[in-house]
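The sequence and the model are shown below.

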Amino acid sequence: MKKYIIQTYGCQMNEHDSEKISYTLEGAGYTYTDHLEEADFILLNTCIVRENAEHKVLGQLGALKHLKQKKPDLIIAVSGCMMQTGKARDIIRDKYRHVDIIFGTKNIDDLPYILNEYFQTGEPVLAIEEEMDLGEDETHVIRGSKHKAYISIAYGCDNYCSYCIVPYARGREISREPGRIIEEARILAEEGYKEITLLGQNVNSYGKTLRYPIRFPELLEELNKIDGLSRIRFMTSHPKDLSDELIDAMGRLDHVCEHFHLPVQSGSDAILKRMNRKYTRDQYMELVRKLREAVPGIALSTDIIVGFPGETEADFLQTLDLVKQAEFDAGFTFIYSPRPGTPAARMEEQVPKEIVSDRFQRLVDEMYAIYLRKNRARIGTTMEVLVDGTSKTDTAVLTGRTRTHHLVHFPGEPTMIGQLVDVRITGATSFTLEGEQV
Ligand code: SF4
C-alpha cells in the first residue's frame with residue numbers, strides 16, 4: 001500500500017484544502033502516514049502570507065532532495081498560495097527540480113487529472129488556474145476530526161490591505177451558494193459532527209457575489225436551525241463589515257459560539273490608514289463595546305502587526321493602549337514582514353529590526369498579562385468543553401475547547417473524545433485552563 005503525507009503551512013483555509021487533497025489521494029490508493037521517510041507521495045501545502053512560512057517551505061524542499069535521491073520513485077508535490085504567485089512558483093520550478101507536481105489553490109478539484117497526467121508521462125506537471133470554479137463537491141473531504149469540521153463559505157478577498165498578499169494569491173472574493181453550505185452542514189450533523197467552523201478571508205461580507213445575495217447573519221440563522229449541531233464558529237472577520245445584524249445574531253442564535261476573532265492590526269489611526277483597513281480605532285472600539293453588550297461572556301481575539309512601515313513610538317503606544325482597553329482573551333501578534341508585490345513593501349520608513357523586536361516584546365508582555373488575569377477570573381466557573389483528544393504528554397489528561405475557544409486540560413478517559421463535557425475550572429495560565437469534570 002502506498003503512503004502519503006501532507007505538510008500544511010498557514011491558516012485554516014489551507015488545512016481544509018489539505019483535507020480535500022487527502023480525499024483525492026486516498027481515492028488514488030494512498031494511505032496516510034505521519035512519517036516522512038515512509039511516504040511515497042509528499043505534498044507541501046504552502047502559505048505566502050509571511051516571509052517565514054515561505055522560508056520554511058524552501059528549507060523543507062531542500063531537505064527533501066536527499067530523500068528523493070535515496071528513493072527515486074518518491075513523488076514530491078507543492079500546492080497552496082505560494083504557487084499562485086509567479087515569483088515563488090518560478091523559484092521552485094527552476095531551482096528545485098526534484099519537485100514533480102506543482103498545483104495552485106484553484107486546481108484542487110483537478111488533482112485526479114493532474115495525478116493521471118503525471119503517472120502517464122512521468123514528466124513534471126504544472127497546473128495553475130487563475131479563476132476559481134465553484135462547481136466542486138465540498139463533501140469530498142477526509143476530515144482531520146470526527147466531531148469538528150471546516151466548511152468553506154467564501155474564497156478570495158477584495159480588501160487589498162496594503163501589507164497582504166492574499167488578494168493576489170487567492171483572487172477576488174467569491175461566495176459559495178448558501179444551499180450547498182447548509183446541505184454540507186446538515187450532512188455533517190447527521191454524521192455526528194458537533195461543531196462547524198465557517199471559513200473565508202472575510203466571512204462578514206459573505207454573499208455579496210451571489211446572484212440572489214443573502215447576508216452572513218441570515219446564513220448563520222439557517223445553520224442555527226440544523227438539529228445536532230451544537231456549535232457554530234467562523235473566521236475571519238473584517239471590522240469594516242461587522243454589521244449590527246451580525247452582532248444581534250451572535251446574541252440571539254444559541255449555537256453560535258461566544259467567541260469573535262476580530263483582527264485590529266493596529267491601534268493607531270495613521271497606521272490603520274496606511275494599512276488600508278478602512279476603519280478607525282474608535283470604530284473598532286465601538287464594535288468591541290457592542291459585542292460585549294450583546295453577547296455576555298463573549299471572548300474576543302485579534303491579530304496585531306508590529307513594526308508596520310512608518311509606525312512611530314506614539315503609534316505603537318496607541319496599539320498598547322487599545323489592547324488594554326479591549327482586554328482581548330487571545331491574539332496573534334506578528335512582526336511586519338514585507339511581501340513583495342504589496343503596496344506596503346514599497347513604502348519607505350521601514351522600521352529598524354531592533355525597534356520592532358522591542359515593541360513586539362512589550363506588546364506580548366502586556367497581552368499575556370491580560371490573558372492571565374482574565375483566565376484566573378474563570379477559576380471556580382463551569383464551562384462546556386468539546387473534547388478534542390488526549391494531551392501529548394499525558395494520555396490520562398484530555399484537551400478540548402470551550403465555546404469561548406479557551407483551551408482546557410482535565411483528567412478523563414479517551415472514550416470522552418468528541419463529547420461535550422461540563423468542566424469546573426481549577427487553574428489557569430495565560431493560554432490554558434485546567435479543570436475537573438463536573
Ligand atoms: S481582509 Fe486584508 S488581511 Fe484579510 S485577507 Fe483580505 S487583504 Fe488580507
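This is a predicted model: local features need pLDDT of at least 70, side-chain atom pairs count only at pLDDT 80 or more; totals for chains, interfaces and linings use all residues.

Which residue in S11 is the bridge partner of Ile-196? The partner is Ile-232.

S10 and S11 pair in the parallel sense, and five bridges join them. They belong to an open sheet of three strands, ordered S7-S10-S11 with parallel pairing. Strands S7 and S11 form the edges, each pairing on one side only. On average, neighbouring strands of this sheet are turned by 25° against each other, direction ignored. In general, strands of a sheet pair through backbone hydrogen bonds, either parallel or antiparallel.

Helix H6 lies across S7 and S10, and runs at about 170° to S7.

The residue ranges of these elements are as follows.

| Element | Residues |
|---|---|
| Strand S7 | 148-152 |
| Helix H6 | 178-190 |
| Strand S10 | 195-199 |
| Strand S11 | 231-235 |

**The ligand shell.** The ligand is surrounded by Cys-157, Asn-159, Tyr-160, Cys-161, Cys-164, Val-166, Pro-167, Gln-201, Asn-202 and His-238. By class, the shell holds six nonpolar residues, four polar ones and no charged residue.

**Helix H1.** Helix H1 covers residues 12-27, 16 residues in number. From its first C-alpha to its last it reaches 23 Å, close to the 22 Å expected at 1.5 Å a residue. The buried residues of H1 include Asp-17, Glu-19 and Lys-20, and also Met-13, Ile-21 and Leu-25. Just after H1, Gly-29 adopts a positive phi of about 100°.

Terms used:
Residues are numbered from 1 along each chain as its sequence is written. Two strands pair if DSSP finds at least two bridges between them. Helices (H or I, at least four residues) and strands (E, at least two) are DSSP runs, numbered from the N terminus. Axes are lines fitted to C-alpha atoms, for helices over the stretch in contact, and angles run from 0 to 180 degrees between N-to-C directions. Two residues are in contact if their C-beta atoms, placed from the backbone, lie within 7 Å. A residue is near a molecule or strand if its C-beta atom, placed from the backbone, lies within 6 Å of it. Ala, Val, Leu, Ile, Met, Phe, Trp, Tyr, Cys and Pro count as nonpolar, Asp, Glu, Lys and Arg as charged, and the others, Gly among them, as polar. The expected span of a helix is 1.5 Å times one less than its number of residues. A residue is buried if 20 or more other C-beta atoms lie within 10 Å of its own, exposed if 12 or fewer, and partly exposed in between; C-beta atoms are placed from the backbone.
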